[in-house]
Amino acid sequence: MIGRGVMRMGALALLWGSVFLWIELALTGLSPTQITVVRCALGAVTLLVMARVNHQELPRRLWGRLAIAAFFCNALPFLLFAVGQQTVDSGVAGVLNATTPLFSLIIGFALGTDGPVTPVRVLGLVVGFAGVTLIFAPWEEAGLIGPGALALLGAAASYAVAFAYMGRKLVGHGGPVAVSAAQLLAATALSTLMLPLDRTPATPNVTALVAVVVLGVFGTGFTFILNYRIIEDEGPTSAATVGYLLPVVSVGLGALVLDEPLTPQVVAGMAVVLVGVALTRLALARSAADKRPAERRGHYQLSVMSTEGDGPGGRSADHR
């Protein structure tokens, strides 16, 4: 069972971490809007099939809430990542995606829903965003700061807004696979509305088409199934651990497959960001470990692109 769990976590880290590689390849023939629509649609179809296999029905209500969640958790960040990666390397995109827990913590502090404001958690925020600053290097003439990088940070912040909203409005409503399928259906509809505004003609090639199919079916659909199984068998803490591997995977694949420069500055920034994220989760992990198992059961939020344990002591999120 331990070996199987490790294999699942490795597969999930590879699939989620490779999302940024597939986006980069899809951009060779499709626009960001086109990628977003196809990704959402294929992810929805994959989850609809799995919902049917698991005998879960689509929710009859909640569609207004699902539309809001779909906008912030899928349609908007998927588009922003594709827009950002037009000018920023896939490896850097993966590293900036790891800042989502930092934005989640800020929102949790503001809403009073993420536990106490402790010195360790504040230090984690400061360290995490220091890592982002190190990656951007605004003091250098050739620094990464620009519209593309800001779009990637906007995508990470959008995930954080989505997780906060879903934690309050969607937890415990229906089967998780069916609810996520419905959410991606709503995201497909929302992103399709943007197509008339997209003036970029599609010039599809084999690489772009294969990339967007893998991105939708595996990077969006199957990742949820794997994530669900890990949470179900081993708990949310194990699933959240995958989040620390995503930037490493994205940077490694970018360097190996796309020959992206692996600069010491980006590697150092990635390490600092991950240390910051780890610090923000440290106090929460200690609090959760002190709870009785019975108090922790039944409080897991499962949704597309997220792993959250929603309980009285706060929540832990992992994104991608």
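This is a predicted model: local features need pLDDT of at least 70, side-chain atom pairs count only at pLDDT 80 or more; totals for chains, interfaces and linings use all residues.
User: OK, how many aromatic pairs does the structure hold?
Analyst: Six. Rings of Phe, Tyr and Trp (its six-membered ring) pair if their centres lie within 6.5 Å; planes under 30 degrees apart are stacked, over 60 edge-to-face, and the rest tilted.

User: What sort of pair do Phe-81 and Tyr-159 make?
Analyst: A tilted one, with 6.0 Å centre to centre and 35 degrees between the planes. Phe-81 is in helix 4 (residues 63-84) and Tyr-159 in helix 8 (residues 147-169), so the pair links distant parts of the chain, 78 residues apart. Helices here are DSSP runs (H or I, at least four residues), numbered from the N terminus.

User: Are those two buried or exposed?
Analyst: Phe-81 and Tyr-159 are both buried. Buried means under 20% relative accessible area, exposed over 50%, and partly exposed in between (1.4 Å probe, protein chains only).

User: And how are Phe-103 and Phe-129 arranged?
Analyst: Edge-to-face, at 5.5 Å centre to centre with 75 degrees between the planes. Phe-103 sits in helix 6 (residues 100-111) and Phe-129 in helix 7 (residues 119-136), so this pair ties together parts 26 residues apart in sequence.

User: Why does Phe-129 count as partly exposed?
Analyst: Because its relative accessibility is 25%. Phe-103 is buried, at 18% relative accessible area.

User: Which residues do ring pairs link into a cluster?
Analyst: Phe-20, Phe-81, Tyr-159 and Phe-163.

User: Switching topic: where is Ser-104, and what is it in contact with?
Analyst: Ser-104 is in helix 6, and it is buried, with a relative accessible area of 16%. Leaving aside neighbours within four places in sequence, Ser-104 is in contact (heavy atoms within 4.5 Å) with Ala-160 and Phe-163.

User: What about Arg-39, where does that lie?
Analyst: Over the face of Phe-78, at 3.6 Å from the ring centre. A charge sits over a ring if NZ of Lys or CZ of Arg is within 6 Å of the ring centre and within 35 degrees of the ring normal.

User: Last one: where is Val-49, and how exposed is it?
Analyst: Val-49 is in helix 3 (residues 32-53) and is partly exposed, at 48% relative accessible area.

How values were computed
Residues are numbered from 1 along each chain as its sequence is written. Side-chain values use heavy atoms; hydrogens and water are left out. Helices (H or I, at least four residues) and strands (E, at least two) are DSSP runs, numbered from the N terminus.
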